[in-house]
Amino acid sequence: MKSAVFYGKHDLRVEESKKPEIGPKDVLIQVKACGVCGTDVHIYEGDKGAAEVTPPTILGHEFSGVVAQTGAEVVNCKVGDRVCIDPNCYCGTCEPCRNGAAHYCENMIGYGTTVNGGFAEYCAVNERQVYLLGENTTFEQGAMAEPVACCLHGIDMCEIQPGHQVVVIGGGMIGLLMMQLANLAGAAKVALLEPVENKREVAKKLGADICIDPIKEDVQAVLKAAGMTWINTVIECVGRPSTIRQAIDIAGNKAVVMMFGLTKPDETIQVKPFEVFQKELVLKASFINPYTQKRALDLIDTRRLDVSSMIYEVCGLENLEGVLSKPELRANGKYIISPEK
Ligand SMILES: [Zn+2]
Ligand SMILES: [Zn+2]
């Protein structure tokens, strides 16, 4: 089968690999769409602290496709089903798994990170990871279920209540998802901070009440003018020290500051404990996607959540390395790889 194999930093090769064999509990998926994620970029760049990968490995953890074959003991799906996967497979027996925190599983298998993933024509996964796509959900939308599931875990931790005021920093794919989820969680007003004009336009279309250019405009003044005088939640979706700092500045009394954007592992920020004390701030971060995949799929299938507006292009495996190596391409929006292209 055709596959894109990661051999090490800046070394990705599109080549022929052996079609995976399946065990009794496995499902062979013919991949139709696989999202290119920031994690893939970190791996390609050889960043330390990125997901554990032992090359050669087929990357790609955000994928959907059609069930091509099932193991003898598989009961949850059948050949021909349209499905997507939760790439993080938990053991069920270690201490975190037995204490309701399976996303800290000590024996986690990650499809597309610790084992082969979806940048290939086929991928074999344990049936526990397989979810059926709803009838309104396309393969591209199904490939978005994993990032949505990660955002849902984050939005749950924000504890947004009906009527809250929320600021989202960053209008990339994650920021646009978070902005919509904040609305779905009951926010009365959501503001988005984003310097790129066309991303602000998309955010407006997707339900942002106000969009602010944080470089050209006085953020605090615009928020105040819009009646956003007590920001209950700030969701940082950029992953830079300066924007995390900004999130802390904007946050109102008793606010939750969600640091959702991923910084480099050894990056630091300066925080005055007195400021945290004065405002009773709650600084939070959220890690991967425990127990949220089905909710993500339902939000996509019912069209409560728009995951299509942020998809920029669907392209073939040959284009993957270009997308991974060129930030100016990724700035356009989300790229989805279709191995059939
Ligand atoms: Zn991802
Ligand atoms: Zn475990």
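Visitor: So which protein donors does the zinc ion (ligand 1) have?
Guide: Cys37 (SG), His61 (NE2) and Glu62 (OE), lying 2.1 to 2.3 Å from the zinc ion. Donors here are N, O and S atoms within 2.8 Å of the metal (3.2 Å for Na, K and Ca), and water is not among the atoms, so sites may look incomplete. Keep in mind this is a predicted model: local features need pLDDT of at least 70, side-chain atom pairs count only at pLDDT 80 or more, while totals for chains, interfaces and linings use all residues. Residues are numbered from 1 along each chain as written, chains are lettered from A and ligands numbered from 1 in the order written, and side-chain values use heavy atoms, leaving out hydrogens and water.

Visitor: What spacing do the donors follow along the chain?
Guide: C-x23-H-E.

Visitor: Are His61 and Glu62 buried or exposed?
Guide: Both His61 and Glu62 are buried (under 20% relative accessible area; exposed is over 50%, partly exposed in between, with a 1.4 Å probe and protein chains only).

Visitor: OK, helices. At what angle do H3 and H4 cross?
Guide: Roughly 50°, with the axes of H3 (residues 145-158) and H4 (residues 173-184) coming within 10 Å. Helices are DSSP runs of H or I, at least four residues, and strands are E runs of at least two, numbered from the N terminus. Axes are lines fitted to C-alpha atoms, for helices over the stretch in contact, with angles from 0 to 180 degrees between N-to-C directions.

Visitor: What do you call that arrangement of H3 and H4?
Guide: Oblique: under 35 degrees is roughly parallel, over 145 roughly antiparallel, 65 to 115 roughly perpendicular, and the rest oblique.

Visitor: Which residues meet there, H3 to H4?
Guide: Among them, Val148, Cys151 and Leu152 in H3, and Ile174, Leu177 and Leu181 in H4; contact means heavy atoms within 4.5 Å. The residues of that contact divide into 11 nonpolar, 1 polar and no charged. Ala, Val, Leu, Ile, Met, Phe, Trp, Tyr, Cys and Pro count as nonpolar, Asp, Glu, Lys and Arg as charged, and the others, Gly among them, as polar.

Visitor: And how do the axes of H3 and H9 cross?
Guide: At roughly 110°, coming within 8 Å, where H9 is residues 293-301. H3 and H9 are therefore roughly perpendicular. Their contact has 8 nonpolar, 1 polar and 3 charged residues.

Visitor: Switching topic, where is Thr70?
Guide: In strand S5, residues 62-70. Thr70 is partly exposed, at a relative accessible area of 28%.
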